[in-house]
Amino acid sequence: MSYLTRGLTAAAVATSLLFAIPMVASSASTDAVAADTLLSQGKPATASSVEGTGFEASKAVDGSASSRWASVEGHDPEWIRVDLGATATISRVKLSWEAAYGKSYKIQTSADGSTGWTDVFSTTTGNGATDDLTLSGSGRYVRVYGTARGTAYGYSLFEFEVYGSIGGGGGDTTPPSTPTGLAATGTTSSSVSLAWNASTDNVGVTGYVISRNGTEVATVSGTSYTDTGRTASTSYTYTVKARDAAGNTSGASNTVTATTQAGGGGGPAVPFGSHTIPYAAGMLTPSGSQSALDQKVIDYYTQWKSAFVKQNCGNGWYQIISPDADHPYVAEAQGYGMVVTATMAGADPAAKTIFDGLVKYMLAHPSVNNADLLAAEQDTSCKSVNGSDSATDGDMDVAYGLLLADRQWGSAGTYNYKQLAIKHINAIKASEINPNTNLLTFGDWSTSGDSTYNMSRTSDWMIDHFRAFRAATGNSVWDTIRTKHQTVTANLQSGYAPNTGLLPDFVINTNTTPKPAAGQVLEDPNDGQFWWNACRDPWRIGADAVTSGDSASLAAARKLNTWIKSKTGGNANSIATGYKLNGTAIDTSSDAAFFAPFAVTAMTDSGSQAWLDAIWNKMLATPIATNSYYAASIQLQVMITVTHNHWVP
């Protein structure tokens, strides 16, 4: 059965300011600095070196925290300079470092960009993060001149911002209007959600600064924020200020106080952003503060939820709509929804309500072959169609989502999540596992008399799910099933993709010697290639590698990472839409369903920090595809995983 049609900035202010030696004494007052204009954004920039495509000097002055300049690694000195276009009075320079920062560096100005460089700031004790420097100088050209790196890598800046005035002043001095209507829109035992009305400005508002109990905790571009990692039964007080590009800051909004819910009283046991279940040792995280990374996930989840979480057809049901599939509701999407909403509990006060609505929908649409599985497809009236049988990938996630829910909220409420999970897991074993091969089949419709019975889809091989099923049921057969899938993965990588590690969409001959499909066996002439199903494999394999540290999963993930990083030269924009198993691109376009999953395999390699950051920044820079639940749902779950928010119940 085929039912799919496929088509940072750091938070802390660098303490180098405490030890820095300004070469020219600061004379600007705080108020004067705030009134100066951002001069460098969008201006011509050059650098002594560039690590590779996508890390040009212009990336540090483009106004985006998702892109950056990076020098070559392991070399001193290195520099980046910006041409302001005219002689300017410089009052402030703000450096937003990536993980590769300058320990010893100077800020210099020049009239012509080639001679007469004047030091206006110098430090030998830089420690990365954000250096917001008040200084005094003048010149048309401003550069950061690094003489000693803080890491073994190079120098890398998300943003290089120069503030001041040109031609004797006249910069923007008008602050934005004060935000109004600040309100707490929801709480859990570990989070407070806020929203407010937008401010206005004569030039434009660039962000909002959120303060908790009088201390700035975050800056966001939108008019909502969820403060995670809070303590249960605790009151927190918030205000918000608006800021423009010149650094002008509005007055504080109205004050709002919110109290988190009591712990253990229905709140989630593993709230999003709590990071209480650690990953295996040595797994990377994208550069930036953990709170900033978590907020990016919440922001993307909010967009995903708005686009795809629906309450159609009545009956108290929630569904995940799939505009890019053969039918508006498919099991795969419902499974994604259950896993995502259970994971986001703690950030979304409505998570349990949505999850229960998804459960109610699932129970109302049983497979005709095994009533403890979910029928794969429903039409616009939410009626099961096309045989009303199951799809294995959806069932795997439904069972996993129920286990997450049991851990989050317990099973004493409307639904006994644990009991439903066990039923679903046992049904998968009975109707979606080939007992002769211990490999997953396509669904409960693929039986011993069907031509597809000895075939399997690699993207269904969710190794961390098998571990969860073993823990939930106590049945050791799930260890056998897990090991078999890992063994076949290794054999396919070594036998059919020794240079790439890529897996095909579909595997045939599972009862003898499993091998990639030869042409179309279920969906597409590329069924034997790394195509619209297998694109999920780096995420699925990597999810087990980072959470369990299992040697087989790590080996498979690292093989994929080594190849794709080399294939693209470290440029995330070069990840293609599909590959033959030998590494030849099928389609050179870019799609989140293909580039996002490789971020998870990047986490497994200690030498891939820059590569992980490149993919993460590409995800942040890619607008959510509201017409593709598939790409958006994959990217969201990858973002959850790479920020260390994925966990195995």
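Is C382 buried or exposed, and what is its relative accessible area? Before I answer, please note that the structure before us is a predicted model. C382 is buried, because its relative accessible area is 4%, and buried means under 20%.

Let me turn to the partner of this cysteine. A disulfide joins C313 to C382, with a distance of 2.1 Å from sulfur to sulfur. The pair links distant parts of the chain, as the two cysteines are 69 residues apart. C313 sits in the loop between β16, residues 309-310, and β17, residues 319-320. C382 belongs to the loop between β19, residues 377-378, and helix α6. The torsion about the S-S bond of C313 and C382 is about 80°, so this disulfide is right-handed. The count for the structure comes to 1 disulfide. Whereas C382 is buried, C313 is partly exposed, with a relative accessible area of 31%. For another cysteine, C535, the relative accessibility is 0%, and therefore C535 counts as buried.

I now move to helix α6, which covers residues 392-409 and contains A399. A399 is buried, its relative accessible area being 0%. Which residues does A399 contact, once its neighbours within four places in sequence are left aside? They are A421, H424, I425, I428 and F469. A399 may also be compared in position with A427: the two are 28 residues apart in sequence, and their C-alpha atoms are 9.9 Å apart in space.

An α-helix has 3.6 residues a turn, so residues three or four places apart point the same way.

Next, please look at helix α4, which runs over residues 331-343 and has 13 residues. From its first C-alpha to its last, helix α4 reaches 18 Å, close to the 18 Å expected at 1.5 Å a residue. How many residues of α4 are buried? The number is 13 of the 13, so α4 is largely enclosed by the rest of the structure.

T643 is buried, with a relative accessible area of 0%. The side chain of T643 reaches the backbone oxygen of I640 at 3.1 Å. Not counting residues up to four places away in sequence, T643 touches H275, Q290, L293, D294, V297 and W616.

To close, I return to the opening residue: C382 is buried, and a disulfide joins it to C313.

Notes:
Residues numbered from 1 in each chain as written. Predicted model: local features only at pLDDT ≥ 70, side-chain atom pairs only at ≥ 80, totals over all residues. Heavy atoms only, no water. Helix = DSSP H or I, 4+ residues; strand = E, 2+ residues; numbered from the N terminus. Buried < 20%, exposed > 50% of the residue type's maximum accessible area, 1.4 Å probe, protein only. Contact = heavy atoms within 4.5 Å. Expected span 1.5 Å × (residues − 1). Disulfide = S-S within 2.5 Å. Polar contact = N/O pair within 3.5 Å; in protein donor to acceptor, adjacent residues only side chain to side chain.
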